Amino acid sequence: MSSIIPYRRSFLGPRTNTWFDDFFSDAYSSVRTNLKLDVKDTGSAYTIDVDVPGVEKEDISLDLRDERLTISVTHSGENKDDTNNYIYRERTTSSLQRSVYLDDADADNISAKLENGVLRIEVQKQEKKKIRSIEIQ
């Protein structure tokens, strides 16, 4: 008697779903996710909260260039074990980046603090440049 195999719809065949599911399993989920952030306009400044659990401040870089604040995180997590007779060992390395457009950010007044897995960035606003009309003679 033949065994019953559950039907899985796939354009490549019934066995490919298992291969894709294994390849993109939870072990790779940290690599595929984006940085989650909230941007709040307080009137005189922007407050940006970024979730970065398990990341040290040395692994984070902030750059303000061309009115874009870029948040970059490079995280290398290792399961450290002092014994050499391990059977299974897993290492993950991920690099994530997000940019936020802030047209009136003051590059000289930006502060950041990492606390309990949340990076809080305070960006003070500067006065917007006024558009001046020129009369043609």
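Read along the sequence, the protein chain runs α-α-β-β-β-β-β-β-β. That makes two helices and seven strands. Helices (H or I, at least four residues) and strands (E, at least two) are DSSP runs, numbered from the N terminus. The model is predicted: local features need pLDDT of at least 70, side-chain atom pairs count only at pLDDT 80 or more, and totals for chains, interfaces and linings use all residues. Residues are numbered from 1 along each chain as its sequence is written, and side-chain values use heavy atoms, with hydrogens and water left out.

**The sheet**

- Four strands form an open sheet in the order β1-β2-β7-β6, with antiparallel pairing.
- Its edge strands are β1 (36-41) and β6 (105-115), and each pairs on one side only.
- From one strand to the next, the twist averages 15°.
- Two strands count as paired if DSSP finds at least two bridges between them.
- Strand β2 (residues 45-51) pairs with strand β7 (residues 118-125) in the antiparallel sense, over seven bridges.
- Within this pairing, Thr 47 has Glu 122 in β7 as its bridge partner.
- Strands of a sheet pair through backbone hydrogen bonds, either parallel or antiparallel.

**Burial and surface**

- The protein chain has 137 residues, and 21% of them count as buried (under 20% relative accessible area, 1.4 Å probe, protein chains only).
- The accessible surface of the protein chain is about 11,600 Å², by the Shrake-Rupley method with a 1.4 Å probe.
- Carbon and sulfur atoms hold 47% of that surface.

**Contacts along the chain**

- A contact means heavy atoms within 4.5 Å.
- Among contacts in the protein chain with a separation of 6 or more, 49% join residues 24 or more positions apart.

Technical notes
Buried < 20%, exposed > 50% of the residue type's maximum accessible area, 1.4 Å probe, protein only. Axes fitted to C-alpha atoms, helices over the stretch in contact; angles between N-to-C directions.
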